[in-house]
Amino acid sequence: MIARRLRKAGIVGMNHRNRELVQRLNPRRLLPAVDDKIHSKALCLAAGVAAPAQLGVVRAHHELAGLGERLARQRDFVVKPARGAQGNGILVVHGRRGDDFVVSGGRTLAPRDLRHRVSEILSGLYSLGGQEDAALFEERLGVHPDLAELCHDGVPDVRVLVYRGVPVMAMVRLPTHRSRGRANLHQGAIGAGVDLASGRLCAAIWRDRAIERHPDTGAKVLGHELPQFGHAMLQAVRAADCTGLGYIGVDLVIDAQRGPVVLELNARPGLSIQLANAGGLQPRLTRAARVAKPDLPAERRVELGRQLAAAH
Amino acid sequence: MDRGVVATAGGLCALGLLLFAWKVWGLGMPVLPERDQGVWKVQLDVSVRGQGTDASVRTALPDDGPGQQIFGEHFASDRMTLDVREGDPERDRESAARVAVWTGFIEDLHQVLYVFHAKLLPIEQPLPGPPYARPSRALREAHTRATIAVPAHATEIRETLKSLDLPSPEDLGGRIRAIYAYVLHEIAAEPTAGPDPLLALAQRAGNADGRERLLAAMLRGSGIPTRLVRALALREPDPRAMRFCEVYVNGAWVPISASEGFFGAVPENTLVVAVDEGPIVQTAGVRSAAHTWTALREPLSRDELVSLMEPPEPLLRAVSLHRVSVPMQRGLRILLVLCVATLVVSALRNLVGIRSFGTFMPVLLALALVATGLWQGLALIVSVLAIGIGGRLVLERLRLLLVPRLGILLCVVVLCVAAFGLLGRAAERPAFELGIVFPIVILTMLVERFSIVMVEEGGAEALRRAASTCLIALAAYPVFLVPGLGEVLLGYPELILVVMGIHVAIGGYTGYRLSDLVRFRGLQAQSEAS
């Protein structure tokens, strides 16, 4: 009963995603390159896609001793496990207080706490499958002024779902007070669907409820236009192209100075994007499959994505 | 679901079920070992008094045959040497008889002991219908001749047969029935009468032996190959020695007996000892001899019962899992049930959409619950989780590297389990001590995963995930309790193909999970409104 109505609404379920999208379109041999952030960043940069500047990589425990010196000149930065999943294990350092590091939520971290955190990353605590991992130090991206009123703390990110080279759906994840600066819907961030044609936010959910205004700032979410969204889609399509995957989630941050920067690639993008857009994915996938041709230039495919969304 | 998936799933299920059906209905293999399927322990005691010379004791040994399996044989004697002559399985049952011969110099009283186990199944061999084929010449000659025990060509026999007005030789079945009916109804059973068949015929009465030998003599006299079988009607405590006839019709030996009153089917618990006209126990060079039989229904352990379930077909027997050692069988039984339990995980994760720690960790947890008992097991999981998380929080301050930290957690969990063992002993709850060794590693992993999720996604999510892991474990738990499931799978491992077929079907299902319906239910309402 419910299933029939969901099917009518074009909702894609988990089993369908796993079998028909991820398994069919993302060959396993291509996944390691995407799962490893260091590798995928190199791929992006080689293809001319903007990515956060890499400040350094720590691969072994003995490098931890020199960590303080390497970070001495760095006021703010982000530490990530190279093979982490779902944003786990990411530490954002906003600034310094003496020797200590100020992290999201205003807490401070002594240098030895930071070293412990990095050592956990190296041991594989946050990595897929628990293998040994590397810690990646990156520049911290800033919030674009146009989005400042939409986020309480942390940086909003834009997820563009690219299917067979065509952007089919997008959402913005806005950190809230409740999510403690993190852009993860489970943890209380807002998910807002983006109208691909106009770049405006067309729907939003927070903690499983549809909302119109930001619960912390009170700013109107619906109708807000994302800055440089067309460029962001283009970056996403190019990033997707260099992975070879047919169903991929590209996470971008629209930086105040640099514009859209590809933060991370996800070979198994989740389905909450349907909730954020208050609509099913299936009709768009069907139409995209009909028109998608891999040899079209990226700009043309972004245009196709816009048209598909407008026709919807 | 696409066609390949449906075909593969259907094919696997059909193949597994067909094999199973063939073995059960085609070959008549038992699905489950039954406790009272006729396993007997039989003992033969022979006492002989020597006379200061070389002496021998010879006894026929029962052999594997239709409806009976002999195993666990044991021989004992105090001074005589034993020689077991195995029959030649290439030859027919009669000349292939196994015998045990004890020989030695004996003076006074000696004892010879022979103990064996027998598994008996009912034997049915109804009389085949016409047309009747003529048996081979060699067979006819061997089984229609006259012997001392069966005077088939005696004048009295011939005359009686003539007077009976038997059906024509082509109607073999009718002839056999007429002779059987004659001995059964016209020759009275008289326990005090002698065993001589001719005397029995003259007096119209004989004891069991006499009547049976008369039946054999008349059958042979009318040209029907017949042999006498020595058997024991097993009952507790002393079995009764008996004889019956077997007539050869169209390639089958059909059991019939005038003294026991059966035709085409041997009564339950009849053990065939030898196809032989002479006595079972024979002695030579002794002053006196006596023998007694005793029989006991044998209570067998589960393992022994299972290993009795060998298939009758030689090729199947060669690949039967019952050939592996008993401890290995015990392990295999658990593993085979584990395969079935994975179905629960598949269904709950892909059809319902419950998330758990680890893929098959819930199944292993369920197995642990079986070993410890449900409530003790759950208590163990909860306390180990609590202690492990407490330990982890303490260790957090020391900032240790991951692998040694896991090692310490493992040590803590082991110590806890040891403490539980002591507690269980003090409380005289031995279940607490049992089988908790192997889940330790699983529990440690559980603690580690739990604490990571707790840090990364919050305590609520971690608790929810731990609860759903336990839920799946509880759902898989009853699978391990299904009585006899392990035994059935050990006898019929092809049923795992069915399990695989169901896995294929679940794996090819791309419809919604129950959790999808809950998660996206709001979108359904909206699309309806628009």
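Hi everyone. Chain B has 17 helices and 17 strands, and before I go on, please keep in mind that this is a predicted model. Of the 530 residues in chain B, 35% count as buried. If you take the contacts in chain B between residues at least 6 apart in sequence, 73% of them join residues at least 24 apart.

Let's look at one sheet. What is the strand order in the open sheet of five strands in chain B? Reading across, we have β13-β12-β11-β10-β15, and the pairing is antiparallel. At the edges stand β13, residues 262–263, and β15, residues 270–274, of chain B; each has a single partner strand, so one side of each is left without a neighbour in the sheet. As a quick reminder, strands of a sheet pair through backbone hydrogen bonds.

Now zoom in on β15(B) and its partner. Strand β10 of chain B, residues 226–233, is joined to β15(B) by four bridges, and the two run antiparallel.

Next, the side of chain B that touches chain A. Here 23 residues of chain B are in contact with 27 residues of chain A. On the chain B side, at least two residues each come from α12 (402–426), α13 (439–481), α16 (514–519) and α17 (521–529). Which helix gives the most? That would be α17(B), with six residues.

How values were computed: Residues numbered from 1 in each chain as written. Chains lettered and ligands numbered in written order. Predicted model: local features only at pLDDT ≥ 70, side-chain atom pairs only at ≥ 80, totals over all residues. Contact = placed C-beta atoms within 7 Å. Pairing = 2+ DSSP bridges. Buried ≥ 20, exposed ≤ 12 C-beta atoms within 10 Å, placed from the backbone.
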